[in-house]
Each structure stands twice: as C-alpha cells, then as structure tokens.
Amino acid sequence: MSTVIRRTVPALAVGAVVMLMATGCFAGENASSTSDGASAGSWSTDTLSIDFATYNPLSLVVKDQGLIEKALGDDVDVEWTQSAGSNKANELLRAGALDVGSTAGSAALLARANGSPIKVIDVYSQPEWSAIVVGPDSDITSVADLKGKKVAATSGTDPYFFLLQALETEGLSVKDVDVQNLQHADGRAALDGGSVDAWAGLDPIMAAAEVESGDKLIYRNVDFNSYGFLNATEEFLTDHEDVAQVVVDAYEEAREWALANPDETAALLADVAGIDPKVATTVIGERSNLDVSGIPGDAQLAVLKKIAPVLVDSDAVTGGQSAVDQALDTIIEPTFAEKAAG
C-alpha cells in the first residue's frame with residue numbers, strides 16, 4: 001500500500017512534506033532536542049528567567065554547568081537572578097520577574113494561599129536548614145527562654161515558620177517574642193552585633209555563623225523544616241511547557257551529578273556563598289539531603305498540612321483556612337518531574 005501512495009502523490013505535495021520536515025514544523029517537534037542537547041526546532045519563548053540560591057545547591061550546579069543553556073541552544077536567552085531568600089523568590093515570581101524560582105515548601109504554600117499563581121514542579125532537597133541560633137555567650141538555652149526576647153527572622157520563609165512551630169512546643173506564640181523581620185544575612189549580623197537575642201537561622205549562613213562566630217543552635221527539629229521547592233508561574237507552565245520540561249530535566253541531571261560528586265558540590269557552594277569549604281561540606285553532607293525524589297506529591301503535602309495551621313493562626317494568609325485549603329489542593333504539578341524521572 002505504501003508503494004502505491006508514493007507513486008500517486010504529486011511531486012509538489014512530496015516537496016511540501018519534505019520542507020515541513022526540514023523546518024521542524026510537525027507537532028511536538030519544538031520541544032525536542034538532538035542527542036548533543038542542541039535545539040531541533042524553535043522553542044515557545046526566547047527568554048527564560050530563573051533564579052539560583054545558596055539554599056538550593058542544585059541551582060548552583062545547573063547554572064555552573066550551563067545545563068539549561070546547552071539544552072536550549074542559542075535560541076533562548078537564560079537570565080539568572082540570585083534569590084536571597086524564599087520571600088525574595090516569591091516576590092519576583094509574583095511580579096513576573098521570574099518564571100522559575102526556589103523556595104521552601106512553607107513559603108510556597110503561603111504565597112499560593114495569598115493568591116500568587118505558582119505551582120511546585122520539582123523538589124530539590126529535604127533539608128534541615130533551619131534552627132534557633134544564639135550567640136556564643138548567650139544564657140538562652142531553650143525555646144522557653146525566648147519569651148520577651150528579640151528574635152530575628154525573615155517573614156514568609158522556612159526559618160520564620162520554624163520559629164512559630166518551635167514556640168508552639170512551649171505553649172508560646174509569635175506574640176510572646178519581638179520578631180525583627182530581617183533578611184537571613186542581616187539576621188546573623190544582628191545576632192553577632194547584639195541587637196537581637198536570637199535568630200531563626202538558615203543554611204549556609206547559619207553553618208558559617210557556627211564556625212566563624214561560635215554561635216550555638218539551641219533548638220533543632222528536622223520535622224519542622226519543609227522541603228525545597230522549585231516553583232514556576234502558571235502562565236509559564238501553560239505557555240512554555242517545552243522550556244519548563246528542560247528546566248526540570250536539568251535539575252534531575254544536576255541531582256545525579258551532585259550525589260556522585262559531593263565534594264565538588266560543596267566547593268561550588270563555598271565559592272558562590274563565600275564561605276569556608278569545611279562549612280559548605282557540612283551543609284551538603286549533613287543538612288541538605290539532595291537524595292530525594294524530585295516528584296512533588298503526598299510526602300510534601302503531608303508536611304505542608306502540618307504547617308498549614310501555623311499559617312492560619314499567624315494571620316499570614318488573608319483568606320484564612322479556606323485559602324490555605326485551596327492552595328494545598330492546587331499547588332502541586334508533578335507531570336514535569338514525572339517525565340524527567342521516567
């Protein structure tokens with residue numbers, strides 16, 4: 001049958017088909033790539049705005065190795081922006097200045113509940129990156145001792161929600177302390193300068209404070225830390241699905257490399273964060289836990305559901321419980337990570 005068809009199709013029609021194949025115009029071809037990573041056709045956008053952050057080690061690997069640039073080729077301009085904290089990444093995502101940004105799970109839930117149109121498309125870590133920190137000569141030894149004290153914390157980030165949960169263990173609330181809303185690095189500086197009594201810290205800044213300043217972690221609880229989320233705006237996922245898949249594929253490639261090369265990953269973190277290599281080794285080896293599935297799902301939702309009441313009680317969500325419930329129902333978009341894993 002195929003021989004008959006070839007003999008009866010006019011030459012002009014055959015020529016047109018050949019031209020379509022040569023220009024990559026068949027459906028789905030714009031999202032494909034050649035074996036060496038170069039684009040086999042046009043992408044759905046000519047720019048990608050994405051962040052990197054010292055609290056997201058995989059982002060450092062992706063950026064350093066140019067994994068996204070290799071896959072997209074010269075047709076897409078990749079714009080990198082450093083996020084100083086989850087709150088800053090959320091601000092940029094909501095403003096449309098980022099297509100893809102790194103946050104803690106709690107921060108992503110807060111943003112989604114307050115109307116930011118983001119979805120989590122990959123999980124980059126399951127870290128123990130938050131703790132309650134005091135100075136080396138402090139007489140504060142427990143969470144109960146924080147009552148009436150000044151505590152630095154970055155509102156809208158995992159350390160802030162870590163602080164709220166920690167206070168709850170002693171029957172305290174955020175109203176029982178004087179929270180100083182400072183960005184993470186400024187929180188450390190305030191603690192070292194004596195203008196606050198404690199700090200809800202974040203790695204790698206926190207690990208550096210232990211080594212360089214002798215600061216002490218008086219309260220740790222891995223269960224109060226949420227996962228590291230890679231988030232994208234809904235508009236980006238709808239309009240540029242092909243490029244979103246490239247991003248998640250790059251993250252999974254970076255995870256494989258980072259797990260096989262922990263020393264090199266720590267050295268990269270030390271360089272970008274400007275910290276001692278020994279500190280970076282502690283962060284990567286003991287507190288980051290990159291060896292988790294990148295597919296967001298039930299495990300992450302279980303943690304977020306524990307954090308949800310804290311969000312509601314803290315009046316951080318305008319719409320209250322109903323807004324948080326809706327966010328929990330809509331925040332996960334696992335298809336990109338599932339494809340990358342497959």
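The model is predicted, so local features were taken at pLDDT of at least 70 and side-chain atom pairs at pLDDT 80 or more, while totals for chains, interfaces and linings use all residues. Residues are numbered from 1 along each chain as its sequence is written, and side-chain values rest on heavy atoms, with hydrogens and water left out.

Helices (H or I, at least four residues) and strands (E, at least two) are DSSP runs, numbered from the N terminus. Burial follows relative accessible area: buried is under 20%, exposed is over 50%, and partly exposed lies in between (1.4 Å probe, protein chains only).

Aromatic contacts were examined next. A pair of aromatic rings is described by the distance of the centres and the angle of the planes. Rings of Phe, Tyr and Trp (its six-membered ring) were paired if their centres lie within 6.5 Å; planes under 30 degrees apart count as stacked, over 60 as edge-to-face and the rest as tilted. In one of them, Tyr160 and Phe161 have ring centres 5.4 Å apart and planes at 75°, so the pair is edge-to-face. Tyr160 and Phe161 are both buried. Phe162 and Phe224 also form a pair, with centres 6.1 Å apart and planes at 75°, so this pair too is edge-to-face. Phe162 belongs to helix H7 (residues 158-168), and Phe224 to the loop between strand E9 (216-219) and strand E10 (228-233). The pair therefore ties together parts that are 62 residues apart in sequence. Phe162 is buried, at a relative accessible area of 0%. Phe224 is buried as well, at 15%. Elsewhere, one aromatic cluster is formed by Tyr55, Tyr124 and Trp129.

A charge-ring contact was also found. A charge was taken to sit over a ring if NZ of Lys or CZ of Arg is within 6 Å of the ring centre and within 35 degrees of the ring normal. The charged end of Lys63 sits over the ring of Phe52, at 5.0 Å from the ring centre.

Helix packing was then considered. Two packed helices are described by the angle between their axes and the distance between the axes. Axes are lines fitted to C-alpha atoms, for helices over the stretch in contact, and angles run from 0 to 180 degrees between N-to-C directions. Angles under 35 degrees count as roughly parallel, over 145 as roughly antiparallel, 65 to 115 as roughly perpendicular and the rest as oblique. Contact means heavy atoms within 4.5 Å.

Helix H3 (residues 57-65) packs against helix H12 (residues 262-273) at an angle of about 90°, with the axes 10 Å apart. H3 is therefore roughly perpendicular to H12. From H3, Pro57, Leu60, Val61 and Asp64 take part; they meet Thr265, Leu268, Leu269 and Val272 of H12. This contact has six nonpolar, one polar and one charged residues. Here Ala, Val, Leu, Ile, Met, Phe, Trp, Tyr, Cys and Pro count as nonpolar, Asp, Glu, Lys and Arg as charged, and the others, Gly among them, as polar.

H3 also packs against helix H11 (residues 241-260), at about 105° and with the axes 9 Å apart. H3 and H11 are thus roughly perpendicular to each other. Leu58, Ser59, Val61, Val62 and Gln65 of H3 meet Ala250, Tyr251, Ala254, Arg255, Trp257 and Ala258 of H11. The contact of H3 with H11 divides into eight nonpolar, two polar and one charged residues.

Helix H6 (residues 105-113) has nine of its nine residues buried, so it is largely enclosed by the rest of the structure. Arg112 is among these buried residues. Just after H6, Gly115 takes a positive phi of about 100°.

Ile218 lies in strand E9. It is buried, at 18% relative accessibility. Ile218 touches Ile132, Val134, Ile140, Thr141 and Ser142, not counting residues up to four places away in sequence. Ile218 and Val143 are 75 residues apart in sequence, yet their C-alpha atoms are 7.7 Å apart.

Some backbone features fall in loops. A cis peptide bond joins Asp203 and Pro204, with omega about 5°. Pro204 is in the loop between strand E8 (198-202) and helix H9 (205-213). Asn289, not a glycine, has a positive phi near 50°. Asn289 is in the loop between helix H13 (277-288) and helix H14 (298-313), and is partly exposed at 33%. Asp315 is not a glycine either, but has a positive phi of about 60°. Asp315 lies in the loop between H14 and helix H15 (320-330), and is exposed at 64%.
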